[in-house]
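Colleague: Can you put the model up and take me through it?

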Amino acid sequence: MDYDVIIVGGGFAGLATAIAASKNNVNCLVAEKEKELGYPVHTSGGSWYNEMLQLGLDESLVHPINSIAFHSPSGETASASFNDQDPYGCIINVRGTIQFLAMKAAEEGANILPNTKVISPILEDDEIVGVNIKSFGSAPKKVYSKIVVDASGSASLITRKLGLKKGKWQRYGIGAEYEAYVPLPDENHVDFILGEKYAPAGYAWIFPTGKNRAKIGVGIIRPDSRKNPFEYLKAVMHHHPNVSKYLKHAVPVEYHHGIFPCEGPLPKTVLNRFISVGDAAGHGSPLVGEGIRYALQLGYAAGEIAANAIADSDTSEDYLMQFEDKWRTQVETNFKIALEIQKRLASYSDEDWERKISMLKAMDFEKLIIFLNKLKGDL
Ligand SMILES: Cc1cc2nc3c(=O)[nH]c(=O)nc-3n(C[C@H](O)[C@H](O)[C@H](O)COP(=O)(O)OP(=O)(O)OC[C@H]3O[C@@H](n4cnc5c(N)ncnc54)[C@H](O)[C@@H]3O)c2cc1C
């Protein structure tokens, strides 16, 4: 079993890599440990409407959001509304999007193996030449390739084994979320709840996806707080003075949880014959825990660069540094600023949030959101 490119993980980054690599005429394999691509869901899917369409998503997968509110623990609220030209958010259909990307990758010629766990790299002269895989119910196999792309998310499997990520993530967001039947007054509006009482060192969210369906979640930053987000989920739904009015009638139909690395990008993400991308490489903005857009965009870049390397018969680290140059130029500074802001916000007490939200109410909140929007970086 030989491929030009083997991709570890069939999430956003892995499938974007597969689409771009296959489009550029290299044969690639995506190995995904789960039985179904896009399941279980471990992300909320909040993103930016126009950018998601530009990144190739179908409109049917993208639920538009045009207003936002921040709530303090006591119920102070600052809110803003936008039109098409301003920051215009969306909540994507996560499972639908992953399946859509998988179909696109297959259409471009990629081979996808669900139910196939990558166990370890195969090394020759200290260089990666393939991976050991195991599909449930069959014997382990060796698969060889000219380039391996690690898109295994926060597991960072091959990145760790090759020594580019040492130890566990020290700073990360941990999230617990219900997807629920819940009739909301406005299905194009998102709510964020701040403060220790409902989301210590983090925030809670309500993300509607349309047709009386919404995601209700709590994310907490480690190591700033060791609290369990699941326990706060119930507090938000039943006790927050503003949102509990409708959330207390929510009927959960799914439960999601996951972790999001928040340390900023790894110092090094390429080696000879190897690229690390997406959460595996720390490619997400720590500010609000946004990683999908970066995983897609940098996944496409990784696939294209891998395909060029193969066409030019040069899979050296020097050649693959083009990938690293790309993300450094486009997002490194934004990620660093976002991390500093996140650390500051994570230390706010309930009283701090009461004061800040009162201040936001008094000022031009729309303008602030437009400013924050700039921090997301133009990819
Ligand atoms: C609770 C929560 C809420 C979030 N909300 C948002 C949000 O609203 N908006 C946003 O932009 N970002 C959000 N994020 C971040 C976002 O989910 C990630 O940044 C994004 O999923 C990264 O994509 P990825 O492809 O790099 O990794 P993943 O989506 O994690 O995909 C990795 C894939 O690799 C597979 N895999 C892992 N190990 C192996 C192995 N050994 N062999 C084979 N396959 C393997 C996994 O099963 C998975 O399918 C959230 C994260 C969490 C935890």
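This is a predicted model: local features need pLDDT of at least 70, side-chain atom pairs count only at pLDDT 80 or more; totals for chains, interfaces and linings use all residues.

Colleague: Which domains does the chain have?

Modeller: The assignment gives domain 1 (2-43 + 94-168 + 264-341) and domain 2 (67-88 + 170-262 + 345-374). Those bounds come from an automatic or database domain assignment. The C-alpha centres of domain 1 and domain 2 lie 30 Å apart.

Colleague: And how many residues are in contact between them?

Modeller: 14 residues of domain 1 are in contact with 12 residues of domain 2, contact being C-beta atoms, placed from the backbone, within 7 Å. On the domain 1 side, five of the touching residues are nonpolar, seven polar and two charged. Nonpolar covers Ala, Val, Leu, Ile, Met, Phe, Trp, Tyr, Cys and Pro; charged is Asp, Glu, Lys and Arg; the others, Gly among them, are polar.

Colleague: Ligand next. Which residues come nearest?

Modeller: Gly11, Gly153, Gly175, Gly278 and Gly291, out of 40 residues around the ligand. A residue is near if its C-beta atom, placed from the backbone, lies within 6 Å of the molecule. By class the shell has 13 nonpolar, 19 polar and eight charged residues.

Colleague: Which domains does the shell draw on?

Modeller: Domain 1 and domain 2 each give at least three residues. Among the elements that supply at least two each are α1 (12-23), β12 (172-181) and α7 (292-311). Helices (H or I, at least four residues) and strands (E, at least two) are DSSP runs, numbered from the N terminus.

Colleague: What about the largest nonpolar core, how many residues?

Modeller: The largest nonpolar core has 111 residues, and Val8, Val149, Val236 and Ala306 have the most contacts inside it. The largest share, 13 residues, comes from α7. A core here means buried Ala, Val, Leu, Ile, Met, Phe, Trp, Tyr and Cys residues joined through C-beta atoms within 7 Å. Buried means 20 or more other C-beta atoms within 10 Å of the residue's own, exposed means 12 or fewer, and partly exposed is in between, with C-beta atoms placed from the backbone.

Colleague: What does Ala306 touch?

Modeller: Leaving out residues up to four places away in sequence, Ala306 touches Val5, Ala21, Ile147, Val149 and Ile275.

Colleague: Which residues of α5 are buried?

Modeller: In α5 (residues 229-239) the buried ones are Pro229, Tyr232, Leu233, Val236 and Met237. Seen down the axis of α5, they fall within an arc of 140°, so they line one face of the helix. The arc is taken from the directions from the helix axis to the C-beta atoms. Glu231 and His238, on the other side of α5, are exposed.

Colleague: Is Ile193 buried or exposed?

Modeller: Ile193 counts as buried because it has 28 C-beta neighbours inside 10 Å. Ile193 sits in β13, and its contacts include His71, Tyr203 and Val236.

Colleague: Where are the cis peptide bonds you have?

Modeller: One joins Tyr39 and Pro40, with omega about -5°. Another joins Arg222 and Pro223, with omega about 5°, and Pro223 is in the loop between β15 and α5.

Colleague: And which residue has a positive phi of about 60°?

Modeller: Asn212, although it is not a glycine. Asn212 lies in the loop between β14 and β15 and is partly exposed, with 14 other C-beta atoms within 10 Å.

Definitions and conventions
Residues are numbered from 1 along each chain as its sequence is written. Two residues are in contact if their C-beta atoms, placed from the backbone, lie within 7 Å.
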